[in-house]
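Biologist: I am new to this structure. Please show it to me, and then I will ask how each label was reached.

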Amino acid sequence: MARAKALGGTVINADSMQVYRDLEILTARPSAEDIEAVPHALYGHVDAAERHSVARWLLEVEAAIAASRDAGRPPVIVGGTGLYFAALTEGLSAIPAIPDDVRAHWRARQEVDTPEALHAALAERDAVMAARLRPSDPQRIVRALEVFEATGRSLATWQAVREDPILPLDDTVDAVVVTPDRADLRERIAQRFAAMMDGGAVDEAARLAARGLDPTLPAMKAIGVAPLTAFAQGRLDRAEAVDAAILQTRQYAKRQETWMRNRFAHWRRVAPP
């Protein structure tokens, strides 16, 4: 926000969960005061019943960047979803849409099979992608299985061919990865989640659960939704739910840092204020 204020710019979201209007508290979306102080775009505009995707986000962000520039406001794109930034600056693979029946089959398998079993199924069909993916990453494994079944080609093959990027790094003023101290990050994660609990995160998770949506939807997999729903329904006590959500967040932060370090090694690193 400070950078956007200094530039007279617009903050544009690049976080795959902050797009969902049902997840205001659990994703720490910008507050009304933030939005009043600085223009924001692409926050909370998608219903949790929808499967938002990187391909859809690229269409949205291209329009948001153009609108910001037309208004004389430099776009300041911020978020935690590395895939969005990779697609924005490097281009996206033109993978065909997955038929609903194929998607439903593998999402149902994800609910009943262990990640190891899904990884074994992938290894039988697509050894290249199986070698790239950890057995503990069911979401990406299922994605690879869907693509192989729908197209008969490895996801790796599709990923090798990319469309032209919307915003090549050469067209940017700065590309930055924020790199907090790990010990400080762990403490800030705990403080952030405590603030969420005080701010109504349990009620938000309960409202989302009450909609009875497909549990495989992206919004239903947001960090904190499952343990806080379990707490709201009496299946976990408060301390257990909070501990589980904090652990999920720390594990995600670790994966995120590794991904950013490997994929965006050439981006500038800065410590947070």
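Modeller: The accessible surface of the protein comes to about 14500 Å², and 53% of that belongs to carbon and sulfur atoms. Such areas come from the Shrake-Rupley method with a 1.4 Å probe, and for residues only the protein chains shown count as cover. This is a predicted model, in which local features need pLDDT of at least 70 and side-chain atom pairs count only at pLDDT 80 or more, while totals for chains, interfaces and linings use all residues. Residues are numbered from 1 along each chain as its sequence is written, and side-chain values use heavy atoms, with hydrogens and water left out.

Biologist: How do you know that the radius of gyration agrees with a compact globule?

Modeller: The radius is taken over C-alpha atoms, and the globule rule is 2.2 Å times the number of residues to the power 0.38. For 273 residues the rule gives a value near 19 Å, and the protein has 19 Å, so the two agree. The C-alpha trace spans about 55 × 50 × 35 Å along its principal axes.

Biologist: What makes up the secondary structure of the protein?

Modeller: There are 13 helices and five strands. Helices (H or I, at least four residues) and strands (E, at least two) are DSSP runs, numbered from the N terminus.

Biologist: Why is His 52 called buried?

Modeller: Buried means under 20% relative accessible area, exposed means over 50%, and partly exposed lies in between (1.4 Å probe, protein chains only). His 52 has 9%, so the residue is buried. Buried residues make up 39% of the 273 residues in the protein.

Biologist: Where does His 52 lie, and which residues is His 52 in contact with, leaving aside its neighbours within four places in sequence?

Modeller: His 52 is in the loop between strand 2 (40-41) and helix 3 (54-70). Contact means heavy atoms within 4.5 Å. With those neighbours left aside, the contacts of His 52 include Val 19, Tyr 20, Trp 57 and Pro 218.

Biologist: Why is Leu 42 counted as buried, and where is Leu 42 placed?

Modeller: The relative accessibility of Leu 42 is 15%, therefore Leu 42 counts as buried. Leu 42 is also in the loop between strand 2 and helix 3.

Biologist: What makes Ala 28 partly exposed?

Modeller: Ala 28 has 36% relative accessibility, so the label is partly exposed. Ala 28 lies in the loop between strand 1 (10-13) and helix 2 (32-37).

Biologist: What is the phi of Ala 28, and what is that of Leu 42?

Modeller: Ala 28 is not a glycine, yet has a positive phi of about 55°. Leu 42, not a glycine either, has a positive phi of about 70°. Most residues other than glycine have a negative phi.
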